[in-house]
Amino acid sequence: MAGVTLSKIRKAYGEVCAVEETSLDIRDGELLALLGPSGCGKTTTLRMIGGFVVPTSGTMHIGTRDVTRLPVHKRNVGMVFQGYALFPHLTVAQNVEFGPRLRRWDRARIAKRVDEMLRLVHMEDLRNRRTSELSGGQQQRVAIARALAPAPKVLLL
């Protein structure tokens, strides 16, 4: 994993300020929890780090790399969405291999990584089941395995 630095990051939607000017320095390996009431900007901040929302002002770095305007697919950030965003028509294993496939890993490396991630979340026996057939807790574990599979520098939950 890598450190994340937010420098005077801000997000406004017209007249509405979703995230006031915020600076954070999250060190490599450090865990950080954002706590606050609904509407205070927690999700917007995570979505800016992930690249799903472009900040109005300020800068963001992952490690030493400026990612402020970098698109999602070039950030190497894993994100587990609140609604998990799993593909219900795919199996557990196919969901987990999605990121490595997009990164064009070779088949052997993908297979090894899928096995490793399914072991990590104790889902080896359910690898061929469709995610729509899983309990909520099982779906959450698949979402975590899928987010970790491409070895992201930052994991957002």
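The following legends describe close-up views of a predicted model. Residues are numbered from 1 along each chain as its sequence is written, and side-chain values use heavy atoms, with hydrogens and water left out. Local features need pLDDT of at least 70 and side-chain atom pairs count only at pLDDT 80 or more, whereas totals for chains, interfaces and linings use all residues.

**View A. The open sheet of four strands.** The strand order is β2-β1-β3-β4, with antiparallel pairing. Strands (E, at least two residues) and helices (H or I, at least four) are DSSP runs numbered from the N terminus; two strands pair if DSSP finds at least two bridges between them. At the edges, β2 (16-26) and β4 (65-66) each pair on one side only.

View B. Five bridges join β1 (residues 4-13) to β3 (residues 57-62) in the antiparallel sense; Val 4 has Ile 62 of β3 as its bridge partner.

**View C. The largest nonpolar core.** A nonpolar core is a set of buried Ala, Val, Leu, Ile, Met, Phe, Trp, Tyr and Cys residues joined through side-chain atoms within 4.5 Å, where buried means under 20% relative accessible area (1.4 Å probe, protein chains only). This core has 21 residues, and Val 96, Met 117 and Val 142 are among those with the most contacts inside it. Two or more residues each come from α2 (92-96), α4 (107-120) and α5 (136-148). Helix α5 gives the largest share, five residues. Apart from this core lies another of 18 residues, including Met 48, Val 67, Met 79 and Leu 156.

**View D. The surroundings of Val 142.** Beyond its neighbours within four places in sequence, Val 142 is in contact (heavy atoms within 4.5 Å) with residues including Leu 86, Asn 95, Met 123 and Thr 131.

Note on methods. Buried means under 20% relative accessible area, exposed over 50%, partly exposed in between (1.4 Å probe, protein chains only).
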